[in-house]
Amino acid sequence: MTVTATAVAKARAAAPAKIILFGEHFVVYGNPAILASINRRITVTAKKSRDGGKVKIKSDIASGEFDGSTFRLIEGANARATLEPLYYAARQALDDKKQQKGGLEIEIKSDIPYGVGLGSSAAALVATIAAVESLLGRADKKKVCESAIEAEKIIHKNSSGADCFVSTFGGMMHYSKGGGFKKVEAKTKLFLVIGDTGIKHNTGDLVSSVRKLKEANQMAFSGLMSQSRDICNQALAALNSGNTEHLGMLMNENQLLLERLGVSHEKADDLIDVARRAGALGAKITGAGGGGAIIALAASKEDSERIASAIKETGQGAFEVEIDTKGLVLG
Ligand SMILES: Nc1ncnc2c1ncn2[C@@H]1O[C@H](COP(=O)(O)OP(=O)(O)OP(=O)(O)O)[C@@H](O)[C@H]1O
Ligand SMILES: C[C@@](O)(CCO)CC(=O)[O-]
């Protein structure tokens, strides 16, 4: 490939997964949420290709090529639906950089289980947009985040933007749609374990089911909103004072609210139960629910190892996670 003085032949970006500690679903309607990026990432490499206008996307779950409105399958079930948001995001970045006729090759490598509430869609979008923007000039984090939120609306049109914010800016944060984000510093280290039910969800369907519930019973929903807000405020105080026992209790209370929304799942309930019996201070689903992943808080490293082992003994996946502080990383 010919490289001009200013053109970059290849650009890379990596964006992290996330956990929602408090407030998922309620955040869609303007409530606060507390969430954090974690040490699992999607890495995207973008290259210019000579095939003008074509965007080829190769990932570990699907591969295909978009040429305007046509799609050519390379491999993977449901590849078009899987890759469409990423294609849209890459096209948007090409348009923004006035390179409408440009061709791209995008390669995605992920260590984030997808469709289980760990924000794989946000991480894939943030990393794709950042890689393409870096390839064509300079990537600006604020702009990358805004474009990723727009693209995520293809996956579910009422996205709160929380996942894209935390994947871009990293760390633990208090987020609301109207108020943006504020970084949260936990006074003590949090020992966290993820348990994966292995049941993939559709975030859009779950968000719609909550909307229906809200429309059918506004009064009850506003009561749940107010309880969720209160839990978030108390959680912020518990994080600031390092009271992890209270934090765990609040996670259990948050889980009760999610059960009332109907977004938990029998298998998630079982894993939550296993985690609590193994000594978790608190446990709940994380993200959209409907199966997906659960998160458990432990008092120590020893406890988190025991909780992860107890979940694995049931035949399900489990891993300990660290909070990531970097967010989107370029290069
Ligand atoms: N490795 C990957 N390769 C390509 N696309 C991916 C990959 N991982 C995730 N995606 C994108 O993310 C979508 C899954 O998003 P979905 O919202 O269902 O799950 P999630 O982001 O893991 O969960 P949540 O939004 O609840 O945190 C896929 O359809 C695809 O568009
Ligand atoms: C369920 C939800 O609250 C979190 C999904 O990770 C949806 C959103 O915030 O857009």
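Reply: Start with a definition: helices (H or I, at least four residues) and strands (E, at least two) are DSSP runs, numbered from the N terminus. This is a predicted model, where local features need pLDDT of at least 70, side-chain atom pairs count only at pLDDT 80 or more, and totals for chains, interfaces and linings use all residues. Residues are numbered from 1 along each chain as its sequence is written, while chains are lettered from A and ligands numbered from 1 in the order in which they are written.

Me: Where does N78 sit?

Reply: N78 is in the loop between strand 5 (70-75) and helix 1. Its phi is near 60 degrees, a positive value in a residue other than glycine.

Me: What makes H25 buried or exposed?

Reply: H25 has 27 C-beta neighbours inside 10 Å, so H25 counts as buried. H25 lies in the loop between strand 1 and strand 2. Phi of H25 is near 70 degrees, again a positive value in a residue other than glycine.

Me: Which residue carries the feature "active site"?

Reply: UniProt places that feature, in an unreviewed entry, at D163. UniProt positions are given in the numbering used here, feature names are shortened, and annotations may be inferred rather than shown by experiment. D163 is in helix 4 (residues 162-169).

Me: Which residues does D163 touch?

Reply: D163 touches K18, G119 and A122, not counting residues up to four places away in sequence. Contact means that the C-beta atoms of two residues, placed from the backbone, lie within 7 Å.

Me: What makes up the shell around ligand 1?

Reply: Of the 22 residues around ligand 1, S59, S110, S120, S121 and G287 come nearest. A residue is near a molecule if its C-beta atom, placed from the backbone, lies within 6 Å of it. The shell divides into 10 nonpolar, 10 polar and two charged residues. Here Ala, Val, Leu, Ile, Met, Phe, Trp, Tyr, Cys and Pro count as nonpolar, Asp, Glu, Lys and Arg as charged, and the others, Gly among them, as polar. Helix 1 (79-96), strand 6 (103-110) and helix 2 (120-136) each supply at least two residues of the shell.

Me: Which domains supply the shell around ligand 1?

Reply: Domain 1 (10-183) and domain 2 (191-321) each give at least three residues. Those bounds come from an automatic or database domain assignment. The domain centres, taken over C-alpha atoms, are separated by 25 Å. In domain 1, 26 residues are in contact with 28 residues of domain 2. Strand 1 (10-22) and strand 2 (33-49) are the elements that give two or more residues to the domain 1 side.

Me: How do you know whether the chain's radius of gyration agrees with a compact globule?

Reply: The radius is taken over C-alpha atoms, and the globule rule is 2.2 Å times the number of residues to the power 0.38. For 331 residues a compact globule would have a radius near 20 Å; the protein chain has 20 Å, so the value agrees.

Methods
Buried ≥ 20, exposed ≤ 12 C-beta atoms within 10 Å, placed from the backbone.
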